[in-house]
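Thanks, everyone. Please have the sequence and the model open while I talk.

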Amino acid sequence: MSAINRRDFGLFVLRVGTGAVLAAHGAQKLFGWFGGGGLDGTSKAMEAMGFRPGRQSAVAAGLGEAGGGTLLMLGLATPAAGAAAAGAMAGAVAVHAPAGFFNQSGGYEYPAYLGFTAAAIGVTGAGRYSLDHATGHRFDQPWTLAAAFVGSALAAAAVVGKRAKDQLAEAGDDGGDGDDGGDA
């Protein structure tokens with residue numbers, strides 16, 4: 001038996017740890033586990049954060065986190081897993097961005113870190129100690145890497161862009177009738 005490869009083992013530890021955090025966070029959204037709101041609570045929260053419709057947004061975020069995290073832990077379909085988790089974290093970054101970078105101020109530091117880590121694992125691959133390796137990289141092909149990250153980036157841009165547009169429209173509606181009070 002060959003010696004343990006340190007790089008592959010380090011990637012395994014990073015992949016399992018990151019995937020577990022993401023999976024647990026997604027399970028809060030989907031199932032209400034670990035003190036989460038479940039779909040009903042998360043749907044209301046998504047609506048309040050400007051993601052509409054709230055239920056579909058909650059399902060998408062929960063699946064991106066729980067599904068992507070679980071696949072990262074397993075090292076299966078790693079490009080898609082990393083892309084899905086990174087895309088879900090892009091939405092979280094958009095919510096926290098107004099508070100700045102650092103987490104202690106409510107900023108986007110933590111979701112950005114999770115997103116970048118998931119993306120890096122997705123790009124790097126799962127390593128030797130993974131189901132991707134065991135299946136001959138059937139779900140980890142160069143084309144899946146490109147398709148997963150392009151698809152995730154387009155979806156995240158569409159969702160975050162729609163949220164921003166809706167928020168601007170709502171701010172305009174709250175700002176009065178547009179009459180500046182001047183004479184015409």
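Which residues make up the largest nonpolar core? It consists of eight residues: Leu22, Leu72, Ala81, Ala85, Met89, Leu114, Ala118 and Ile121. Helix H4 (78-96) and H5 each supply at least two residues of this core. Another core, of seven residues, lies apart from it, and Leu30, Leu39, Ala58 and Ala66 are among them.

Some ground rules. This is a predicted model, where local features need pLDDT of at least 70, side-chain atom pairs count only at pLDDT 80 or more, and totals for chains, interfaces and linings use all residues. Residues are numbered from 1 along each chain as its sequence is written, and side-chain values use heavy atoms, with hydrogens and water left out.

Now the terms behind the cores. A nonpolar core is a set of buried Ala, Val, Leu, Ile, Met, Phe, Trp, Tyr and Cys residues joined through side-chain atoms within 4.5 Å. Buried means under 20% relative accessible area, exposed means over 50%, and partly exposed is in between (1.4 Å probe, protein chains only). Helices are DSSP runs of H or I with at least four residues, strands are runs of E with at least two, and both are numbered from the N terminus.

Take Ala118 from the largest core. Leaving aside neighbours within four places in sequence, Ala118 is in contact (heavy atoms within 4.5 Å) with Thr18, Leu22, Leu72, Gly82, Ala85 and Ala86.

Next, Thr78. Thr78 lies in helix H4. At 0% relative accessibility, Thr78 counts as buried. The Thr78 side chain makes a polar contact with the side chain of Asp132, at 2.6 Å. A polar contact is a pair of N or O atoms within 3.5 Å; within protein, one must be able to donate a hydrogen and the other to accept it, and residues adjacent in sequence count only if both atoms are side-chain atoms. Not counting residues up to four places away in sequence, Thr78 touches Leu72, Ile121, Gly122, Gly125, Ala126, Asp132 and Phe139. Two of those names, Leu72 and Ile121, belong to the largest core.

On to charges. How many salt bridges does the structure hold? Six. A salt bridge here is a side-chain nitrogen of Lys or Arg within 4 Å of a carboxyl oxygen of Asp or Glu. Side chains of opposite charge can pair when their charged atoms come close.

Start with Arg128 and Asp8. They form a salt bridge, with the closest N and O atoms 3.3 Å apart. Arg128 sits in the loop between helix H5 (109-124) and helix H6 (131-134), and Asp8 is in helix H1 (residues 6-31), so this pair ties together parts that are 120 residues apart in sequence. Arg128 is partly exposed, at 33% relative accessibility. Asp8 is buried, at 15%.

Then Lys29 and Glu65. Their closest N and O atoms are 3.1 Å apart in a salt bridge. Lys29 is in helix H1 and Glu65 in helix H3 (residues 54-74), so the pair ties together parts 36 residues apart in sequence. Glu65 counts as buried at 2%.

Glu47 is partly exposed, with a relative accessible area of 31%. Arg52 is partly exposed, also with 31%. Salt bridges that share partners join Glu47, Arg52 and Glu170 into one network.

Back to Lys29, by way of Thr42. The side chain of Thr42 reaches the backbone oxygen of Lys29 at 3.4 Å. Thr42 is found in helix H2 (residues 38-48). It is buried, with a relative accessible area of 9%. Leaving aside neighbours within four places in sequence, Thr42 is in contact with Gln28, Lys29, Gly37 and Ala58.

Gly54 is in helix H3. At 1% relative accessibility, Gly54 counts as buried. Gly54 touches Ser43, Met46 and Glu47, not counting residues up to four places away in sequence.
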